[in-house]
Amino acid sequence: MEFRHQEHRIYAEDENGTLLAEVTFPASGNDAVCITHTFTAPSLRGQGVAGRLMEAVAVYAKEHNKKITAQCSYAAGWF
């Protein structure tokens with residue numbers, strides 16, 4: 001699965017444009033982002049997709065010198 005990156009969002013869609021996985025992380029001040037939402041389609045749950053989204057956010061944060069906070073319960077547990 002290939003993730004696409006938008007500002008404050010990483011996601012994947014199928015060939016029809018149906019959302020398969022997503023994490024949103026708006027800015028939280030100048031030096032942080034806050035993970036507010038994580039979604040994985042039911043057909044993909046239990047396959048590590050949400051964990052890969054968390055890893056992608058961690059890479060983004062490191063590359064942009066941002067700290068991460070989490071409102072999303074999955075993200076809070078993962079970190």
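Visitor: What makes β2 and β3 a pair, and what lies in the turn of their hairpin?

Guide: β2 and β3 form a hairpin with 5 residues between them, and G17 in the turn has a positive phi of about 85°. Strands are DSSP runs of E with at least two residues, numbered from the N terminus, and helices are runs of H or I with at least four. Two strands pair if DSSP finds at least two bridges between them; β2 and β3 have 5 bridges, in the antiparallel sense. This is a predicted model, where local features need pLDDT of at least 70, side-chain atom pairs count only at 80 or more, and totals for chains, interfaces and linings use all residues. Residues are numbered from 1 along each chain as its sequence is written, and side-chain values use heavy atoms, without hydrogens and water.

Visitor: Why is F25 called buried?

Guide: Buried means under 20% relative accessible area, exposed over 50%, and partly exposed in between (1.4 Å probe, protein chains only). F25 is at 1%, so F25 counts as buried.

Visitor: Why is the pair of F25 and Y60 called tilted?

Guide: Rings of Phe, Tyr and Trp (its six-membered ring) pair if their centres lie within 6.5 Å; planes under 30 degrees apart are stacked, over 60 edge-to-face, the rest tilted. These centres are 5.1 Å apart and the planes stand at 55°, so the pair is tilted. F25 lies in the loop between β3 and β4, and Y60 in helix α1, so the pair ties together parts 35 residues apart in sequence.

Visitor: What makes W78 and F79 edge-to-face?

Guide: Their planes make 80°, with 4.8 Å centre to centre.
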